[in-house]
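Hi,

Here is the structure I promised to pass on. Have a look at it first, then read my notes below.

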Amino acid sequence: MREAPLPGRPAAPPTPPTAPTLTPYLPRTHDHALREHLKSAASGGPSALGVLTGDSSTGKTRALYEAVLAVAPDRRLLRPPTARALLDLIDRGEVGEGCVLWLNEVQRILLDREGDDAAVALTAVLQEQPGIVAVAALWEDPYWRQFTAEGQRDDPSRHTRALLKGVHAQRFRVPHRLTPEELDQWRQLARDREDARLHSAGRAGAADGQVVQHLSGGPELLDAYVSGPEGHFTPREHALVTAALGARRLGHQTPLGGDLLAAAADASLAPHHRASRADWAATDLAALTDGVRGDGSRADIRSTLTPLRAVRASAGARPRYEPADYLLQHTAPPHAAPPGTVALWEALVRHTVDTEDLHRLQAAAWRRGLFRYALGLDRRAALAGSDDACVRIVERTRRHPDAARAAAWAAAHVGLSDDRAVHELLAALHASGDQEAVDTLARRLVEAADPADVQAVGELAERLAEADVTDAVVDALVDSLAAHVDRTATEGIVWALPHLAKATAGRPARRVVGPLAHRAATHADLTNTWRTTRLLDVLGTVGEPRAVAVLAARIVAGAADLEPGALPWLIGALRQAGADRAARDLLALDPAARTGLTDVGTVSRLLQVLGEAGDEDGVRTVLGRSPARHIDVVGHPDFFDITSVLCGFLVALRELGAEEEFAVLAERVAEGADLEDAEAMASLLDLFHHTGRPELVRRVLARQPVTGLFYEDPEELRGLLCALLAIGADAEFEALASEVVSHVPLTEPDAVGEVVVLLWELGGERALAPLMAAALAHTPADETFFLVRELSLAGAQDAAARLARHIAEHVERPSVDAMEFVLWAFTEVGQSEAVEVLFDRGLLDGLDAVDYEGREALADLVDTLCAAGRREAARNIADRAAAAVALTDVYAISTLLKALTAHGFTQARAVLIRRAAAGAELTHMNSVARLIEEFLAAGAVDAVDEVLRRDPLGQIDRGWATESCHEALVAALRRAGAPQADEYARWARGAGMLPVEPCLPHGVELDGSPAAPWSWASVMAQA
């Protein structure tokens, strides 16, 4: 195995023929830690994922190889190249105990459209199955940061973060340079093994410690590339490599085709550098991947490292190409991918074939305002089978003058196999108001529909009607169904009729409903009572009395074969559908004497239909059979609501005057019914209380302690708490209230607020006693401040005042956040006495102005104090905060400045402006924008100039800012009259960092200027 080719990059300089394939390996700290992490999984213990992060060419792949060789040399290795491949392996059960899962360059999987699905599936497998050894490697920046980011809106990284940082995973950093001790060990290893490659790399990296990079030849390759054309690389070679790097950065993650690279490269060449042959690129690409030109000169580094790598899907297949990772990482712009060139975008539109690449590229083009290219890529994606692309085409061209042609193309080319995408496209076309395109898509759907699939046709008819499709199209669909009525399945008709009736209401196509209803009525299987009653209900609802009559006649004709338990349900359904005569015929079969008495639902339905029919004798017959003694009060385990049904039946017995039956069943229910549902238990207690059966109340309470009930929301207990109060079960009420309080976190405002309202509305101060006891005992006291507000809002003023005073008397050394929250809450609900206690204790004077967590806490405290009429206290805090707030927290500085300006604290503001202008950290984009805005609002033009002289654009972290952050910074720079504003705006637009709405409908050119008007025909002409 050690002689096997390393699944990564080749080794460095030329060596004698007897040299091994791999250089001798020097294990470092991360190697030992990685192997230790994997050992348990390799021995059958919990599965483990080891993740190496670091720069390109720092030895990540080799470290993974050596780790697997050390801990699991004999295992089967799985190496999925894509998210779909990984999902398929998991679905087939191949990722399991005894395997090694190789995920080098795992970003290729996680960046796929199915990357999140793959992350979720793999996380589950690693957590649920033992003995899986998984290894992964990726760049730390940007990939590790991107996949493990926290605090972003909608948390897009939650699934990848769970995979890479879960309990099964451990991350190990691979340093980009050797320590002096490791460099000595490297040299010793080179001497011991007499390896010229190690000697050469050790000498090359001695100054900067980047020995491993030099072993791969990465720095020399980088130097050769940045030296430009006509150096190590010819102009054509350099152009091909540049095209490959540009395409990869814009989102083309799969290997690149030679035609794509040739088209992009050729347009960038000067006329005198262009080749005479149209197929020129094949020769140059061969030199860039093989390392040898036709004249024998070398295009590689040290005869080993090439700028491009050829990849073939199978032997003899045309090669595709990948740029060297080292070049990709070290030639990247400092902040984000550039907008690309016209030639590159046109080549991408013409030659990209992978749907995932097309998806990434269209998003990159759209973000940059390159709308024509984005739509061209969407068009290719649609032709390749991505139905979402058609939806985007319609939505993105809605404001374009040529929207109708784009919509017509989408309607004519969307695939019809993806119901979700088709439904979304139909909705988008309907929203655009393009009737012709709506009808085009509708006609395609009608042509593709199977007229014998009545349920699908019914649903489609309703969907088309809702989209305001032209009547003729809907009629054509219904007519096709009418021609195949004899082939339709009766089960589907039941579900289709409501859709068809709605879709054809008031139109000639309504005529199909009758034949379908008649077919269902004629051929329905009557052995299934539920389906038969459902069909009766549908036929009655859609207004088909003839079909009802046919079905009713069939039911009566076969009545002798019906189970007696079906009679009550069928009688009720027949009466509801208007088939009174058939209902009377079934009543003549004496269901009162024949129906079984064990099912409470059936007996209840029987008494109901007998009562509605005025059959008093039948009612007496049923009651005379004593259903109370036969009804099953336990029920099936899946019938969770049987106790509520029993309650309803008990009420019905009382209404019928069947007191003896009521008494018998009440005893049985109290003794044996399920009491775990709080609502059902409340109904029973209330019923027994109001019917004067206290002994049954006591029996129910004795059988089921109220503190053992299951519930998810305290509101579910409202009925039971009310019942306990009504029946005078004080001890049980207090126990249940205490139980509720014990499960509510006192530090969660929403949860506590619900409980306050519930208990106060039910029992006032008495009901709040357990909550108050818990709040008064809670420490630290200030964590329950919001409860004061909730109590006041609920109307429990005395309890609120008592708790407020307790907090004010017991809070110790509060933070700025805590003090602001307490003051705000107390002031808002009028707890002025508690506020006085806080001031009397001198807590504000001793407040540490830099002890805060919320970035707006200082500003909020100043605002709150001023709102409470404590202006001098606010001024004191303002002075202290202005002098002490950390210059690294620019957001806090800007919000504090806003508050100081609003309240006229000019002295504190001046101090803060001087400090911030000279020393505020300028790395967070939105904070810098806010700081400039607040300086301008304060009239501090000199401070703005000082900040601009400090080159904030060179310091801000551009990679993690949102569109709104970039937009805010551009706006702030322009308001400040900064000369950098337009240049930064062009960069942000080119990097896809600004909102695109202002660029509609035509977008921008690559230089950021408004694009010339274009038509859908020009989009079509791109490919």
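What follows is a short tour, going from the whole chain to a few local spots.

One thing before you start: this is a predicted model.

**The chain as a whole**

You will be looking at a lot of helix: the chain has 54 helices and 8 strands. Its radius of gyration is 38 Å, well over the 31 Å that the globule rule gives for 1023 residues, so the chain is more spread out than a compact globule.

Of the 1023 residues, 51% count as buried. The accessible surface comes to about 45000 Å², and carbon and sulfur atoms account for 50% of that. Contacts also reach along the sequence: among those between residues at least 6 apart, 71% join residues at least 24 apart.

Next, go to strand β3, which covers residues 99–104. Here 6 of the 6 residues are buried, so the strand is largely enclosed by the rest of the structure. In a regular strand, side chains alternate between the two faces of the sheet. You can follow that here: Cys 99, Leu 101 and Leu 103 point one way from β3, while Val 100, Trp 102 and Asn 104 point the other way. Both sets are buried.

The partner to look for is strand β2 (residues 76–78), which pairs with β3 in the parallel sense over 3 bridges. To find the spot on screen, pick Arg 76, which stands opposite Cys 99 in β3.

**The sheet of β6, β8 and β7**

Further along there is an open sheet of 3 strands, in the order β6-β8-β7 and with antiparallel pairing. Which strands stand at the edges? They are β6 (256–257) and β7 (308–311), and each has a single partner strand, so one side of each is left without a neighbour in the sheet.

Strand β8 takes in residues 320–323 and pairs with β7 in the antiparallel sense over 4 bridges.

**Salt bridges**

A search of the whole structure finds 54 salt bridges. I picked out a few to show you.

The side chains of Lys 502 and Glu 466 meet in a salt bridge, at 3.8 Å from N to O. This pair links distant parts of the chain, with Lys 502 in helix α25 (residues 490–503) and Glu 466 in helix α23 (residues 454–466), 36 residues apart. Lys 502 counts as exposed at 55% relative accessibility, whereas Glu 466 is partly exposed at 47%.

Then there is Glu 667 with Arg 699, where the closest N and O atoms are 2.5 Å apart. Glu 667 sits in helix α36 (residues 659–672) and Arg 699 in helix α38 (residues 694–703), so to speak 32 residues apart in the chain. Glu 667 is partly exposed, with a relative accessible area of 33%, and Arg 699 counts as partly exposed too, at 26%.

Glu 836 and Arg 870 form another salt bridge, with the closest N and O atoms 2.6 Å apart. Glu 836 belongs to helix α45 (residues 832–840), while Arg 870 is in the loop between α46 (857–867) and α47 (871–884), 34 residues away. Relative accessible area is 36% for Glu 836 and 22% for Arg 870, and that makes Glu 836 partly exposed and Arg 870 partly exposed as well.

Some salt bridges share partners: Glu 105, Arg 108, Arg 248, Arg 309 and Glu 322 are joined into one network that way.

Is Thr 602 buried or exposed? It is buried, because its relative accessible area is 10% and the cut-off for buried is under 20%. Thr 602 lies in helix α32 (residues 600–612). Leaving aside neighbours within four places in sequence, Thr 602 is in contact with Gly 565, Pro 568, Trp 569 and Thr 595.

Happy browsing!

Terms used
Residues are numbered from 1 along each chain as its sequence is written. This is a predicted model: local features need pLDDT of at least 70, side-chain atom pairs count only at pLDDT 80 or more; totals for chains, interfaces and linings use all residues. Side-chain values use heavy atoms; hydrogens and water are left out. Two strands pair if DSSP finds at least two bridges between them. Helices (H or I, at least four residues) and strands (E, at least two) are DSSP runs, numbered from the N terminus. Buried means under 20% relative accessible area, exposed over 50%, partly exposed in between (1.4 Å probe, protein chains only). Contact means heavy atoms within 4.5 Å. A salt bridge is a side-chain nitrogen of Lys or Arg within 4 Å of a carboxyl oxygen of Asp or Glu. The radius of gyration is taken over C-alpha atoms; the globule rule is 2.2 Å times the number of residues to the power 0.38. Accessible areas come from the Shrake-Rupley method with a 1.4 Å probe; for residues, only the protein chains shown count as cover.
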